[in-house]
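Q: Please take one part of this model, the pairing of charged side chains, and go through it closely. Give the cut-offs behind each term as you use it.

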Amino acid sequence: MEEPGQLKRAFIDATAGSISGAISRTVTSPLDVIKIRFQVQLEPTTSFALLSKNVYGASKYTGMIQASKDIFREEGFSVWALLLGFWRGNVPALLMVMPYTAIQFMVLHKVKTFASGSSKSEDHIHLSPYLSFMSGALAGCAATVGSYPFDLLRTILASQGEPKIYPNMRAAFVDIMNMRGFRGLYAGLSPTLVEIIPYAGLQFGTYDTFKRWTMAWNIRGLSDPTRAEESLSSFQLFLCGLAAGSCAKAVCHPLDVVKKRFQIEGLQRHPRYGARVEVKAYRNMYDALSRIMRTEGWAGLYKGIVPSIVKAAPAGAVTFVAYEYTSDWVESVLS
């Protein structure tokens, strides 16, 4: 049995993680929809790429502004329709991200406690970058396995466009179970786990590193060095989270593209959205990477990188800032 203090800490981490994840996901949902539309489009997604060899035909989306206008025109003629268009798939996204971030921060704190020999958050900041990386990677893997089916449903609902094939999450779930069985709910899990290790590791490792650098910067003006962590402002935490999210996403984006292709293979969509990913289009992760490279070039592996970076930066920043403040708030309520 765990000590009451450890159970309390686990509850605080899970609650703060789920709330911060829900806030971050809702704020950045429009960028996520655009990113997914780019990633599942086999045709080029930039004007520059259109000049190169294109074996698939005309492109539906060719840039963030153009894609935003298209989604607004086709799916957002009213306020309600606009919400449905740019926040499409947000319900399963929230159902995914709340347990994901809850598990992630809870496991992260447990691993850091084990590594540092202390359950105090202020002691965790002094972990080496290597241990911070490993803690983030383990937390990310645990969170991914626990919430993956909702990630799959979110991708399918966000990518289908108009007219919709699946009117809601339940219809998508039933069809996946009928067509692919239970294993279908975990389509694309392998590249996701391969991606999440460096992504979560880099995100949390660089976040701790940026916090240490910022604290070292702040400490020069403090008479009491022990209060260095308290000197971090919300804006500084925001910048640390922003930088951490950007670094992690830039490195790991190709594997995210591969994951999305596995998730939507065989999905029926209106012909105006271009070619679809056929069933069994890719044998495995390596085959997917090589086929995308061969038919779509390097640009294919980085489809959606611009909205992904634009989204990852505020998403990481909002998540970390919301977690820090929510964690303090929950702890004060329970004290």
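A: Lysine 260 and aspartate 256 are separated by about one helical turn, because they stand four residues apart in helix α10. Helices here are DSSP runs (H or I, at least four residues; strands are E, at least two), numbered from the N terminus. The model is a predicted one, in which local features need pLDDT of at least 70 and side-chain atom pairs count only at pLDDT 80 or more, while totals for chains, interfaces and linings use all residues. Residues are numbered from 1 along each chain as its sequence is written, and side-chain values use heavy atoms, with hydrogens and water left out.

The side chains of lysine 260 and aspartate 256 meet in a salt bridge, with N to O at 3.0 Å; the term requires a side-chain nitrogen of Lys or Arg within 4 Å of a carboxyl oxygen of Asp or Glu. Lysine 260 has a relative accessible area of 0% and is therefore buried (under 20%; exposed is over 50%, partly exposed in between, with a 1.4 Å probe and protein chains only). Aspartate 256, at 2% relative accessibility, counts as buried too. Salt bridges with shared partners join Asp32, Lys35, Asp151, Arg154, Asp256, Lys259, Lys260 and Lys311 into one network.

Another salt bridge is formed by aspartate 151 and lysine 259, whose closest N and O atoms are 3.0 Å apart. Aspartate 151 lies in helix α7 and lysine 259 in helix α10, so this pair ties together parts that are 108 residues apart in sequence. Aspartate 151 counts as buried at 6% relative accessibility, and lysine 259 counts as buried at 6% as well.

Threonine 28 lies in helix α1, residues 4-39, and counts as buried at 3% relative accessibility. Leaving aside neighbours within four places in sequence, threonine 28 is in contact with Lys311, Pro314 and Ala315, contact meaning heavy atoms within 4.5 Å. A polar atom of the threonine 28 side chain lies 2.8 Å from the backbone oxygen of serine 24.

Key. Polar contact = N/O pair within 3.5 Å; in protein donor to acceptor, adjacent residues only side chain to side chain.
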